[in-house]
Every structure is written in structure tokens, then in C-alpha cells.
Amino acid sequence: MKSQSDSIDVKFDSFSFQKYIAQDCDRLSFLQGYLSDWGVDSSVLPLNGKYHLYVNFPSSAYNPMFKIKTIISHYDRVSGSPGANDNSFANFALADFAAELYKSKQAHNIRIFFTDGEELGEAGVSSQGAFALAELFRKLGITNDDVYVFDACGRGDVAVLARAGLDSKVNPQFKKKFLSLYERTQNLLTAAATNSWMTLPVPYSDNAGFLACGIPAVAITFLPKEEVSFYYKNLMTDKNLEKAVMNCKIEDGSKNATDLSIQRFKYQEQMPKTWRLFHTEYDNFLSLTQESYVLMRKILTAISNAKTIA
């Protein structure tokens, strides 16, 4: 893992991480075992052939006066790629944070899910594991959570808040709730990462499944500062780039996987290098940056400390 500051003191377990990104790793079992080693109890939630992992915080962790904050990080990956940044790094940072919360005696109102099936989103949002999870939320009447999706948070020192959902044309009530969550998230990022965050068009992640079910959700990813500048400049000079990035529409059947691949290929040279590493052998341990771990921990801490009246 590269580092731009040797003075950063983190507890990232690189030995366990390299086992996690090995091709033959049973990632669900490994992740549950990793949490257990930290004393964290978790449960596997099977839904529509996908297997999500849920952290079982004690009831004392929740105060009904305040909103629940659901944090999501997909653990599945594309075959043949180590998936170090997509999305193993965020898994580990979130698991380590779960261990800290587990030891805390204070209410934090955090729910944590490690989801399965995010990489199936190109086949249609209903194929995505988070879609079935969001449907379950809706059936159970859990529609008032603040949902935060962390994806590809292993490279860079700039937190990027995805713009997905801002242009939603669904009912006004959803729009109001989404904009409220979006504003709160910007305030959190300002507090946790002053001058180190911005909003940009970002490809859909598990936020797509929740948005499709009418539940507001925001996605956060990281990029190196120089890649942010490069990407922003390209967005300003080519108005079609944003459409290419956001072409995974929430509605099922909007485009087939082949069309999406061709469109991405056409514009990939204008996109951040980090995104071009996805699903390749180069999405490996050496591509990660240490400062990303510190940044994610700051943001997770800000989320856990946030108190919004329910």
C-alpha cells in the first residue's frame, strides 16, 4: 500500500487483507470470521440467492429519538480481479470500525451490511443484491434510515459524494427526503474532510437498488486529487461524459450490458484512472493508498456521531 505520509498511524491489517483478496478466498466466510476475531457478532441474511452479512449490535446501541444510519459496503467482486479497491478496502475499513463500535457503550444508531451481488447491477437493478435488501426494508417499513454506501474507497485523498439521485423525477416526498440526506451528508463531509471532498457524477453502486425502491441513499467513493482535477476538467469540456458515467439507469432494461460496455470504452480515457482499474488484475494491493484508510475512518466517525431527530 502506497503512503503519502509516513507519519500516519493506522491499524490496517495488510496480512489479513491480502488473504481476503486472494482468488480462492471464500469472502463471506472470511469476512464473518474476521469480524468474529474482533469479537463482533454477525448474521448471514440470504435474499434472492444473495448472501448479505449483517452486524448484530446490541439493542443498547440504538436510541429511538434519532435516525438510524445504515452503512453499506458490497463484498462481492468480479471474477479474475483481486478487487482490492472494488470493494475489499472499504470492507476492511468498515469491519475495523464495526469492531470499535461494538466495544462502545454509547448509542450510535448504526446498522452495517456487507452486501452481495453489487457487481450484477449491469444486468438490471433488480439483479443487484441491494435491490432485494431495499425491498425488504420497504416491506418492513424501514424507509426513514439515512443510507450511506461506501464503494471504492481505497485510492486517494478526496472523498467524492455521488450526484446520483439529485435529478430524480419521482414523487416530491422522496425528493425532499433525498435532498435532506444529501445536505446532511455534505455537512458530514465538511466536518470530517474539510477541503478534501466534492460532488461529482459517479457510476451507480448499491445506492441504485435503494433509489429504485424509493429509499433515499447516497454513495461515497474516493479519488486521488490529481484524478479529480483531470475528471472535472473533462466533464467541463465534454458534456456527454456525465451521461456516459451515469448510463446505468435505475430502470431495468434501459440498456443491455454490451451497450454499456461499448459506451464506457468510448469515454474511459476521460474517466479517472482509478475507475479504469476496476475489474482488472491491476485492482490490487499495490494500487491502494494509506491515507484513504484514515479518511474513511474520519467519515465513518462523523456518521456515527451524527444525531438527527427521527
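A: Strands here are DSSP runs of E, at least two residues long, numbered from the N terminus. The model is a predicted one. Ile68 sits in the loop between β2 (50-55) and β3 (69-74).

Q: Why is Ile68 called buried?
A: Its relative accessible area is 17%. Buried means under 20%, so Ile68 counts as buried.

Q: Which residues does Ile68 touch, leaving aside those up to four places away in sequence?
A: They are Tyr62, Asn109, Arg111, Asp145 and Asp146. Contact here means heavy atoms within 4.5 Å.

Q: How far apart are Ile68 and Lys307, in sequence and in space?
A: In sequence, 239 residues separate Ile68 and Lys307. In space, their C-alpha atoms are 9.0 Å apart.

Q: What makes Asn109 buried?
A: Asn109 has a relative accessible area of 3%. The cut-off is under 20%, so Asn109 is buried. Asn109 lies in the loop between α3 and β4 (110-115).

Q: Why is Asn48 called exposed?
A: Asn48 has 63% relative accessibility. Exposed means over 50%, so Asn48 counts as exposed. Asn48 is in the loop between β1 (42-47) and β2.

Q: What is noted about phi at Asn48 and at Asn109?
A: Most residues other than glycine have a negative phi. Asn48 is not a glycine, yet its phi is positive, about 50 degrees. Asn109 is not a glycine either, and its phi is positive at about 60 degrees.

Q: What makes the peptide bond from Asp86 to Asn87 stand out?
A: That bond is cis, with omega near 15 degrees. Most peptide bonds are trans. Asn87 belongs to helix α3.

Q: How do you know whether α2 is roughly parallel or antiparallel to α3?
A: Helix α2 (residues 27-37) and helix α3 (residues 84-103) pack at about 25 degrees, with axes 10 Å apart. Angles under 35 degrees count as roughly parallel, so α2 is roughly parallel to α3. The crossing of α2 past α3 is right-handed.

Q: Which residues meet where α2 packs on α3?
A: From α2 come Arg27, Phe30, Leu31, Tyr34 and Leu35. They meet Ser88, Asn91, Phe92, Ala95, Asp96 and Ala98 in α3. By class, the contact has seven nonpolar, two polar and two charged residues.

Q: How many disulfides are there?
A: The count is zero. A disulfide needs a pair of cysteine sulfur atoms within 2.5 Å.

Q: Are Cys25 and Cys213 buried or exposed?
A: Cys25 has 17% relative accessibility, so Cys25 counts as buried. Cys213 has 4%, so Cys213 counts as buried too.

Terms used: Residues are numbered from 1 along each chain as its sequence is written. This is a predicted model: local features need pLDDT of at least 70, side-chain atom pairs count only at pLDDT 80 or more; totals for chains, interfaces and linings use all residues. Side-chain values use heavy atoms; hydrogens and water are left out. Buried means under 20% relative accessible area, exposed over 50%, partly exposed in between (1.4 Å probe, protein chains only). Axes are lines fitted to C-alpha atoms, for helices over the stretch in contact, and angles run from 0 to 180 degrees between N-to-C directions. Helices (H or I, at least four residues) and strands (E, at least two) are DSSP runs, numbered from the N terminus. Angles under 35 degrees count as roughly parallel, over 145 as roughly antiparallel, 65 to 115 as roughly perpendicular and the rest as oblique. A crossing is left-handed if the near helix is turned anticlockwise from the far one by less than a right angle, and right-handed if clockwise. Ala, Val, Leu, Ile, Met, Phe, Trp, Tyr, Cys and Pro count as nonpolar, Asp, Glu, Lys and Arg as charged, and the others, Gly among them, as polar.
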